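Morning, everyone. Please have a look at the chain on the screen. I'll keep this short.

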Amino acid sequence: MTGLLRPITALLLSAAILLMGHGLLGVLNPIRADGEHFTGLQIGIMGSCHYAGLMLGCFAWPRFIAGVGHVRTFSALTAMATITPLVQSVWPEPWTWWAMRALNGLCFAGLLMVIESWLNASSTIETRGRILAAYTIINLTVVTAGMQLTAIGNPYSFELFTLVAILYSLAAVPVALAPTTAPPAPRTAKLRIGWLFSVSPAAVLGAFFSGVANSAFWTLSPLYAKGAGFAVSDIPWFLTTAALGGAAAQWPVGHLSDKIGRRRLAIVCAALASAAGIALFTASHMGIATILALSAVYGACAFPIYTLCVAHANDLVLRKRAVEVSSGLLMIFSLGAVVGPLLASLFM
């Protein structure tokens with residue numbers, strides 16, 4: 001495993017720092033918004049704005065990556081993303097937060113595109129599942145750590161938002177100073193959804209519905225936990241158990257997908273995630289221990305699905321198409337993710 005990941009160590013370190021800040025902000029936003037008396041619908045719109053920005057970024061950033069390369073694009077976007085938590089800490093108003101969440105999503109579209117296309121360009125069909133699994137393990141683990149950082153400060157003050165900005169800024173350092181080189185920038189890269197659907201309808205549909213479900217979960221699960229009787233200080237544990245469940249499942253799922261194929265494994269994960277989601281719905285009055293156990297099961301089943309879709313689509317194209325595949329699936333995921341929080345907030 002060490003030899004497999006050595007060429008991408010700097011990228012994974014940058015991704016870890018970036019996503020730790022993202023995890024902290026993900027929990028901080030709904031808690032602070034609830035404290036500022038945002039309505040459930042306003043919080044749902046806030047989540048949708050992030051994913052709307054993510055969707056718009058899928059149109060813009062492939063050309064920048066093709067023009068200036070992975071490292072420069074990553075460095076510029078971390079600088080832009082740093083603005084968003086700072087503005088949120090100063091102006092806690094719905095309209096301001098919607099705009100900043102959209103800008104944050106716009107930046108993260110390019111950042112995730114750089115990370116995922118770099119990883120896919122550095123892997124083969126035989127290793128892709130494990131490399132993407134390692135990335136997702138790191139992703140979910142550091143997001144979990146970020147969530148727990150809410151305990152070191154007051155979510156109703158500015159300090160934790162400033163910490164998010166610091167982490168975003170630091171994320172550019174390992175990639176910028178890495179001795180290893182990034183993959184060559186593609187000569188051309190553009191969003192081609194029709195082409196991507198012709199390559200893999202399963203990956204496109206899987207990415208869309210993964211976006212619907214997981215965006216609703218991350219945006220509104222703090223409100224679910226609060227309604228189920230969690231104290232404010234305990235709400236991050238609900239998200240933490242889901243993230244840890246997802247992290248624990250990634251490596252076996254990735255290794256298994258390298259052996260038996262991605263599509264059939266995605267079907268199994270989707271069916272089990274649906275069952276876990278229904279169980280969470282019916283168990284909201286059954287006590288915190290039961291809810292935490294079901295949250296871990298949901299994370300273990302639901303969070304690998306998008307990774308499986310990305311790996312499956314990249315198996316079917318040349319390496320030089322990695323940016324187009326990454327941007328296309330991120331666009332489809334974002335389209336579903338715009339819908340998810342709105343629907344969930346209305347049902348809640």
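Start with Cys-309. The closest cysteine sulfur to its own sits in Cys-269, 10.0 Å away. A disulfide needs the two sulfurs within 2.5 Å, so this pair is too far apart for a bond. Keep in mind that this is a predicted model.

Is Cys-309 buried or exposed? Its relative accessibility is 6%, so Cys-309 counts as buried. Cys-107 is buried too, at 0%. The cut-off for buried is under 20%.

Now the whole chain. It has 15 helices and zero strands. Of its 348 residues, 56% count as buried.

What about overall shape? For 348 residues, a compact globule would have a radius of gyration near 20 Å. This chain comes out at 19 Å, which agrees. The C-alpha atoms fill a box of roughly 50 × 40 × 40 Å along the principal axes.

Contacts next. Take those between residues at least 6 apart in sequence: 85% of them join residues at least 24 apart.

Last stop, the surface. The chain exposes about 13,900 Å², and carbon and sulfur atoms supply 71% of that. One nonpolar patch covers about 380 Å². Which residues make the patch? Ile-166, Leu-170, Val-173 and Leu-177. Two elements each give two or more residues to it: α7, residues 159–170, and α8, residues 172–177.

Pick out Leu-170, in helix α7. Its relative accessibility is 43%, so Leu-170 counts as partly exposed.

Key
Residues numbered from 1 in each chain as written. Predicted model: local features only at pLDDT ≥ 70, side-chain atom pairs only at ≥ 80, totals over all residues. Heavy atoms only, no water. Patch = residues over 30% accessible without salt bridge, like charges linked within 9 Å, V, L, I, M, F, W, Y side chains within 5 Å. Areas by Shrake-Rupley, 256 points an atom, 1.4 Å probe, with all protein chains shown as cover. Salt bridge = Lys/Arg side-chain N within 4 Å of Asp/Glu carboxyl O. Helix = DSSP H or I, 4+ residues; strand = E, 2+ residues; numbered from the N terminus. Buried < 20%, exposed > 50% of the residue type's maximum accessible area, 1.4 Å probe, protein only. Rg over C-alpha atoms; globule rule 2.2 N^0.38 Å. Contact = heavy atoms within 4.5 Å.
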